[in-house]
Amino acid sequence: MNIKAPRGTKDILPEEAVSWQNIEKIALELFTSAGVKEIRTPIIEDTNLFERGVGDTTDIVNKEMYTFEKGDRSLTLRPENTAGVVRAYLEHGMFRISPPVKLWYKGPMFRYENPQAGRQRQFHQIGMEIFGEKKPTADAEAISLAVQFLNRLGLNDLTIEINSLGCDECRKKFREKLKFVLKPYLPQLCEDCQTRFEKNPLRILDCKNENCNKIFESISEQKDWNKIDLCPECLDHFNTLKDYLRALDIKYVENPNLVRGLDYYTRTVFEIKSFNLGSQNAVCGGGRYDNLVSLMGGDNTPAVGWAMGVERLNSLLPQKTEELLDYFVVSTDSKEAIKLVNLLRNKGKSAEFDFSGRKFTKQLEKASKVAKKAIILGEDEISNGYLTVKDLSTSEQIKTDINNL
RNA sequence: GCGAGUAUCGUCAAGUGGUUAAGACCUCGGAUUGUGGUUCCGAUAUGCAUGGGUUCGAAUCCCAUUACUCGCCCCA
């Protein structure tokens, strides 16, 4: 067969799936303990949802979406899940639930990008959103949950970067300031920056182009030209958040250049990075998006959220090994074996048996590889109504019956 | 979209123009007809990503294509 998994997609094989199950189990436990409810939204959504929600100046929407036409509608494989969650929040009237409304999700996302280390076309995210709370308490809770999640997975050495993008007013002023300062340098900046200048000047600060960065450093006529001037409310919001983070003993680094690539962020943005990931070093990204819900036609509803890349997360974790079965039934009588295995499973034990009635030694060899104990069910056992249970690590063997297992 | 590298069994690989393409792991079978995890023996690529070309002769050299990997960009 020469059909392979499509470019940028991967099979998660049983060995690796064990780690995924662990990650998902810990997510479920943590979120449940924090009153965060799970939501599962469709993998396909109306294309307009992302154009409006994610923002049509973003790379994600401009060139990375899997979009197809079906009938008279345009559908898109979700490139992220915040827009979908917001859509469901509005569609099901969750604004009537007493706030804050806390939701989490996990699942595949699709982005048509060039695959490389830590970047696939189908990848998976675990994320959460908090709706209806504008106070920095919600930001702190969101960040705290992300940190706790990583800690529970055994990851303690990650860098948390935070920044505030301000509210609409702050950003409007910031955009004007940036454009004013940068205008004389515009012809020298890279092509991307030139288009960003008109479309989304904030993202110029995200530019990785060396030349651009040199130019930015050389600009000195206006002090802190590349820093946003937060209005008193935004400043207070940001300071309070930092105060909460210190109280939670969460170490953070302020990164004034941190501008997330999605248009919907306001005020708080943050990223959690690892140096063990290569160039795709962000495990978690998120922030506040106070305008998104109203942009999608809802009432003004503040919100914060984040998403983690499960593949990236998994690559940081020591791999879990598969657990051994409780029992492997060794028998030349497949019918008796399958009956016994059913009984064991109904008692909550894990058990397997040999399907093809192979030689006794082969069955036992298999048992020693996959199970803690072997149950020998031969002619003697069947006719006399007992079971021989062999502990495969100690070689101890006892006669017993099903009720004692 | 741009740049670089790689492509030999399920997996890891040796092979650098000359007879039937090493080896290891995994799998399967046997030694061993009711006692395994150790050991020993055996089986398993008419084929080296695909298509062309050079040559008496190609896994090996050349070209193209495809896929993968790694960067840039962007992001999780």
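These are my notebook entries on a predicted model, taken feature by feature.

**Domains**

I began with the domain assignment of chain A, which gives domain 1 as 14–166 + 230–316 and domain 2 as 325–404. I then looked up the separation of the two, and the C-alpha centres of domain 1 and domain 2 lie 48 Å apart.

**Lysines in strands**

I turned to Lys 102, which I found in strand β5, residues 101–110. Is Lys 102 buried or exposed? I noted a relative accessible area of 16% for Lys 102, so this residue is classed as buried, the limit being under 20%. I followed the side chain of Lys 102 and found that it reaches the backbone oxygen of Ala 34 at 2.9 Å. Setting aside residues up to four places away in sequence, I listed what Lys 102 touches: Ala 34, Gly 35, Val 36, Lys 37, Glu 129, Ile 130 and Glu 141.

I next checked Lys 273, which lies in strand β9, residues 266–273. Lys 273 counts as buried, at 17% relative accessibility. Which side chain does the side chain of Lys 273 meet in a polar contact? I found the side chain of Glu 161 as the partner, at 3.2 Å.

**A lysine in a helix**

I placed Lys 199 in helix α7, which covers residues 191–199. Lys 199 is exposed, and I recorded a relative accessible area of 56%.

**Salt bridges**

I recorded 15 salt bridges in the structure, and examined some of them individually. As background, I note that side chains of opposite charge can pair when their charged atoms come close.

Arg 40 forms a salt bridge with Glu 38, and I noted 2.8 Å between the closest N and O atoms. Within this pair, Arg 40 is exposed at 65% relative accessible area, whereas Glu 38 is partly exposed at 30%.

I then examined Glu 91 and Arg 87, whose side chains meet in a salt bridge at 3.0 Å, N to O. How many residues apart are Glu 91 and Arg 87 in helix α4? They are four residues apart, so about one helical turn separates them. I recorded Glu 91 as exposed, with a relative accessible area of 55%.

The next pair was Arg 288 and Asp 139, whose side chains form a salt bridge at 2.5 Å, N to O. I located Arg 288 in strand β10, residues 282–288, and Asp 139 in helix α5, residues 136–152; the pair therefore ties together parts that are 149 residues apart in sequence. I noted that both Arg 288 and Asp 139 are buried.

I also looked for salt bridges that share partners, and found that they join Glu 45, Arg 87 and Glu 91 into one network.

**Nonpolar surface patch**

I looked up a nonpolar patch on the surface, formed by Ile 43, Ile 44 and Phe 68. Together these residues have about 220 Å² of accessible area. I found Ile 44 in strand β2, residues 44–46. Ile 44 is partly exposed, with a relative accessible area of 39%.

**Backbone geometry**

Before checking the backbone, I noted that most residues other than glycine have a negative phi, and most peptide bonds are trans.

Which peptide bond is cis, with omega near 0 degrees? I found the bond from Pro 99 to Pro 100 in this state. Pro 100 lies in the loop between α4, residues 82–91, and β5.

I then looked up positive phi values. Asp 249, which is not a glycine, has a phi near 65 degrees. I placed Asp 249 in the loop between α9, residues 232–247, and β8, residues 253–254. Asp 249 counts as exposed, at 64% relative accessibility.

Ser 395 likewise has a positive phi, about 65 degrees, although it is not a glycine. I placed Ser 395 in the loop between β15, residues 387–391, and β16, residues 397–400. Ser 395 counts as partly exposed, and I recorded 47% relative accessibility.

Key. Residues are numbered from 1 along each chain as its sequence is written. Chains are lettered from A and ligands numbered from 1 in the order in which they are written. This is a predicted model: local features need pLDDT of at least 70, side-chain atom pairs count only at pLDDT 80 or more; totals for chains, interfaces and linings use all residues. Side-chain values use heavy atoms; hydrogens and water are left out. Helices (H or I, at least four residues) and strands (E, at least two) are DSSP runs, numbered from the N terminus. Buried means under 20% relative accessible area, exposed over 50%, partly exposed in between (1.4 Å probe, protein chains only). Patches are made of residues with over 30% relative accessible area and no salt bridge: like charges are joined within 9 Å, nonpolar side chains (Val, Leu, Ile, Met, Phe, Trp, Tyr) within 5 Å. Accessible areas come from the Shrake-Rupley method with a 1.4 Å probe; for residues, only the protein chains shown count as cover. A salt bridge is a side-chain nitrogen of Lys or Arg within 4 Å of a carboxyl oxygen of Asp or Glu. A polar contact is a pair of N or O atoms within 3.5 Å; within protein, one must be able to donate a hydrogen and the other to accept it, and residues adjacent in sequence count only if both atoms are side-chain atoms. Contact means heavy atoms within 4.5 Å. Domain bounds come from an automatic or database domain assignment.
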